[in-house]
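User: I'm new to this structure and would like to learn how to read it. Could you walk me through it, one feature at a time?

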Amino acid sequence: MTDTADFASQVLLVAGVGLLALLSNRLTERTKVPAPLLVLVAAAVAVQAVPAVHQPPERTVERLVSLALVCILFNGGMHMGARRVREAAVPILVVGVLGTFLTAGAIAVFIHMAVGLDWFPSMLVATAISPTDPAVVFSVLGQREVSGRSGTILEGESGANDPVGIALMASLITAGGISGGAFVHIAAEFSLQMGVGALVGVGGGRALLWFMRAVPLPSEGLYALRTAAGVLVLYGAATLAHGSGFLAVFVAGILLGDARAPYKREIERFHSALASLGEIVAFVVLGLTVDLAELTRLDVWVPGVAIAAVLAFVVRPVFVGLCLLPARMERNELAFVLFAGLKGAVPILLGSFILADHVPGAERLYAIVVVVVLFSVLVQGSLVPSVAGWLHLPMRTAEPQPWALGVRLADEPESAHQLTVTPGSPADGRRIDDLDCLPEDAWVSLVVRDGRLLPVRGDSELRAGDVVLVIADPGEADALTATFTARA
């Protein structure tokens, strides 16, 4: 009975933490303080104030957060989809890879010169704080989403620079120092991880899509579980092959994002919920590793705040701005992307790698990383809505849509095409009868605007943001996309 009571108490505690984490999003809408920060701080306070709550082992933290990150990256890739990625593929790759290296190198120089750390620990801290997390940005924006390429670049940058940062950190720790030979080893190890991860992601993503389409299962609920198991297989296979498992699952998610598959909507909802759970788990577990007393040390929070300010207001605007010059973005969109490079769970995870490797002064280095993340989420994150307003950033309202209307079909509806009218597209502001570029045999059968069904008539005027269902020959997909999507 004692064991049962202990187990019930643990279940109650976990459930309570989960509910509080979910409800913290409601508090975010009022305070504009990102929910991840609230969860992180609450966990850090709990481990100090509640005797029954203990700091988890370093290896357990690494494994739990890595598993959570797999769920988050795969869902992020699916949410973006190949079509959106193609629209901004070059800036995403340049910022995600080159931007991460430039940021890490520049901030490492500042840490070495201003804080006085040796080159190796300076590079470790700089690498840890380079990856970004736009989920924090979208958390404080509430029901508003960034329109256009700026939103795609923010999401894509995070998906790309998380695996890049993790691979670079692993290469640095394996090298064990900074030297000419170490740089060669780091470059070779990094290239191997990125190359193998990309190959496994592309090949495994296509194989998983074939598996989803070709092999039926006896129950609807098994389809989402099969996809989740497939994602874990890709992560494990890429990692065992000395590649980046995180990059593999992100690429696979992108490939699956726009593809059709049985029970695709249910699969997407399941992985969205799994990613939300993963984010909660990551910040709770990482919060349990934070020593609040360590953060109050003068030689921790002073350099931490200085590093965070220079990173946010000097290094990122300069070096990521240079990477984005060829993209020819609007000035307000570029300014927002440069400001919104907020930090999240990955920098703290990378900081925990420093702890696990027992680098000299690891506790102080880890605490500095945590201070940088706290500054980024609290100061920058709280300002994101105001900055978006000052810049007159193009945004769209994403109201919750709890009701769904659909039909079940035994065969794939290849002739049904669901598209969204984008601003500036040939269909934006035009009547259905006036869509001369629409294929002759195409039929607009359904229009949804602001979560409401509209009657479909020839004189119905389409607007940006409308979701339309068009019945047309499968070979007309490109023509339909050109009608309802603006050219990049």
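Predicted model: local features only at pLDDT ≥ 70, side-chain atom pairs only at ≥ 80, totals over all residues.

User: Which helices each supply at least two residues of its lining?

Analyst: Those are α4 (89-115), α7 (148-175) and α13 (298-324). The top contributor is α4, with 4 residues. Among the lining residues are Val 95, Thr 132, Glu 157, Asn 161 and Arg 316. By type, the lining splits into 3 nonpolar, 6 polar and 3 charged residues.

User: You named Thr 132 there. Is Thr 132 buried or exposed?

Analyst: For a call like that, compare the relative accessible area with the cut-off: buried means under 20%. Thr 132 comes out at 4%, so it counts as buried. That's in a loop, by the way, the one between α5 (119-128) and α6 (134-141).

User: What does Thr 132 touch, leaving out residues up to four places away in sequence?

Analyst: Its partners are Glu 157, Ser 158, Asn 161, Asp 162, Arg 316, Gly 341, Leu 342 and Lys 343. With Asn 161 there is a polar contact between the two side chains, at 3.0 Å. As for Asp 162, it sits 30 residues from Thr 132 in sequence, yet their C-alpha atoms are 7.3 Å apart in space.

User: Now the nonpolar cores. Which residues touch the most other members of the largest one?

Analyst: A core like this is a set of buried nonpolar residues joined through their side chains. The largest one here has 116 residues, and Ile 107, Leu 124, Met 169, Leu 324 and Phe 336 touch the most other members. Helix α16 (residues 362-390) gives the most to this core, namely 15 residues. There's also a second, separate core of 15 residues, including Ala 427 and Val 470.

User: Can we zoom in on one of them? What does Leu 324 touch, beyond residues up to four places away in sequence?

Analyst: Leu 324 is in contact with Pro 91, Val 95, Ile 153, Met 329, Leu 334, Val 337 and Leu 338. Val 95 also belongs to the lining of the largest cavity.

User: What about backbone angles? Which loop holds His 242?

Analyst: Here you look at phi and check whether the residue is a glycine. His 242 is not a glycine, although its phi is positive, about 65°. You'll find His 242 in the loop between α9 (220-240) and α10 (245-257), and at 52% relative accessibility it counts as exposed. Tyr 263, also not a glycine, has a positive phi of about 60°. The loop between α10 and α11 (264-288) is where Tyr 263 lies, and its relative accessible area of 29% makes it partly exposed.

User: Finally, where is Glu 62 placed, and what does its side chain make a polar contact with?

Analyst: Glu 62 is part of helix α3 (residues 58-87). Its side chain makes a polar contact with that of Arg 59, at 2.9 Å. Leaving out residues up to four places away in sequence, Glu 62 touches Leu 349 and Phe 353.

Note on methods:
Residues numbered from 1 in each chain as written. Heavy atoms only, no water. 1 Å grid on protein atoms, 1.4 Å probe; cavity = no way out; pocket = protein on both sides within 12 Å on 5 of 7 lines; lining within 4 Å. Nonpolar A, V, L, I, M, F, W, Y, C, P; charged D, E, K, R; others polar. Core = buried A, V, L, I, M, F, W, Y, C linked by side-chain atoms within 4.5 Å. Buried < 20%, exposed > 50% of the residue type's maximum accessible area, 1.4 Å probe, protein only. Contact = heavy atoms within 4.5 Å. Polar contact = N/O pair within 3.5 Å; in protein donor to acceptor, adjacent residues only side chain to side chain.
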